[in-house]
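Hello,

As promised, here is the structure for you to look through. My notes follow it, so please open it alongside them.

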Amino acid sequence: MALIFWFIFITILVYFILIWKQKKYKKLPPGPPSVPIFGSIPFMKRNVLREKGPVEFILDSTFEKLYSDMYTIWIGYRPLVVIQNYSLAKE
């Protein structure tokens, strides 16, 4: 019984630590929602990954329509800022 309690306690503690780490990056541009440990990957289209590869998976056009030319994708607990406009990237 004590082993189950400690497992649940540590799992909840790790979950809250990961959420706290993500909240440090409040100044990043908006993007798709993210889940601790998995990031934004569950909210992306899997058929794009299978057909076109990992670069087109990250540069999915549906995110550009929703979040303009610059958005943040979470890969695990690390942010990845995607800029899809040359003049904006040049600035």
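A word on terms before the details: a residue is called buried under 20% relative accessible area, exposed over 50% and partly exposed in between, using a 1.4 Å probe and protein chains only. By that rule Thr-72 is buried, because its relative accessible area is 3%.

This is a predicted model, in which local features need pLDDT of at least 70 and side-chain atom pairs count only at pLDDT 80 or more, while totals for chains, interfaces and linings use all residues. Residues are numbered from 1 along each chain as its sequence is written, and side-chain values use heavy atoms, with hydrogens and water left out.

**Overview**

The protein has 5 helices and 2 strands, in the order α-α-α-α-β-β-α from the N terminus. Both kinds of element are DSSP runs numbered from the N terminus: helices are H or I with at least four residues, strands are E with at least two. Of the 91 residues, 21% count as buried. The accessible surface comes to about 7100 Å², and 68% of it belongs to carbon and sulfur atoms; these areas come from the Shrake-Rupley method with a 1.4 Å probe, and for residues only the protein chains shown count as cover.

As for confidence, pLDDT is the predictor's own score for each residue, from 0 to 100. The average here is 77, and 80% of the residues score at least 70. Where pLDDT is low, the predicted coordinates should not be read in detail.

Contact in these notes means heavy atoms within 4.5 Å. Taking contacts between residues at least 6 apart in sequence, 41% join residues at least 24 apart.

**The strands**

S1 and S2 run antiparallel and are joined by 6 bridges; two strands pair if DSSP finds at least two bridges between them. Which residue of S2 is the bridge partner of Tyr-71? That is Val-82. Further along, Ile-75 stands opposite Arg-78 in S2. The hairpin has 2 residues between the strands, and Gly-76 takes a positive phi near 70° there.

Back to Thr-72, which sits in strand S1 (residues 70–75). Its side chain reaches the backbone oxygen of Pro-29 at 2.8 Å. That is a polar contact, meaning a pair of N or O atoms within 3.5 Å; within protein, one must be able to donate a hydrogen and the other to accept it, and residues adjacent in sequence count only if both atoms are side-chain atoms. Not counting residues up to four places away in sequence, Thr-72 touches Leu-28, Pro-29, Pro-30, Gly-31, Pro-32, Pro-79, Leu-80 and Val-81.

Val-81 belongs to strand S2 (residues 78–83) and is partly exposed, because its relative accessibility is 36%. Leaving aside neighbours within four places in sequence, Val-81 is in contact with Leu-28, Pro-29, Met-70, Tyr-71 and Thr-72. Val-81 and Tyr-71 are 10 residues apart in sequence, with their C-alpha atoms 5.7 Å apart.

**Helix H1**

The whole structure holds 4 aromatic pairs. One of them is Phe-5 with Trp-6, edge-to-face at 5.5 Å centre to centre and 70° between the planes. Trp-6 also pairs edge-to-face with Phe-9, at 5.7 Å and 90°. Rings of Phe, Tyr and Trp (its six-membered ring) pair if their centres lie within 6.5 Å; planes under 30 degrees apart count as stacked, over 60 as edge-to-face and the rest as tilted. Phe-5, Trp-6 and Phe-9 form one aromatic cluster.

Trp-6 and Phe-9 both lie in helix H1 (residues 2–23), 3 residues apart, about one turn of the helix.

Best wishes
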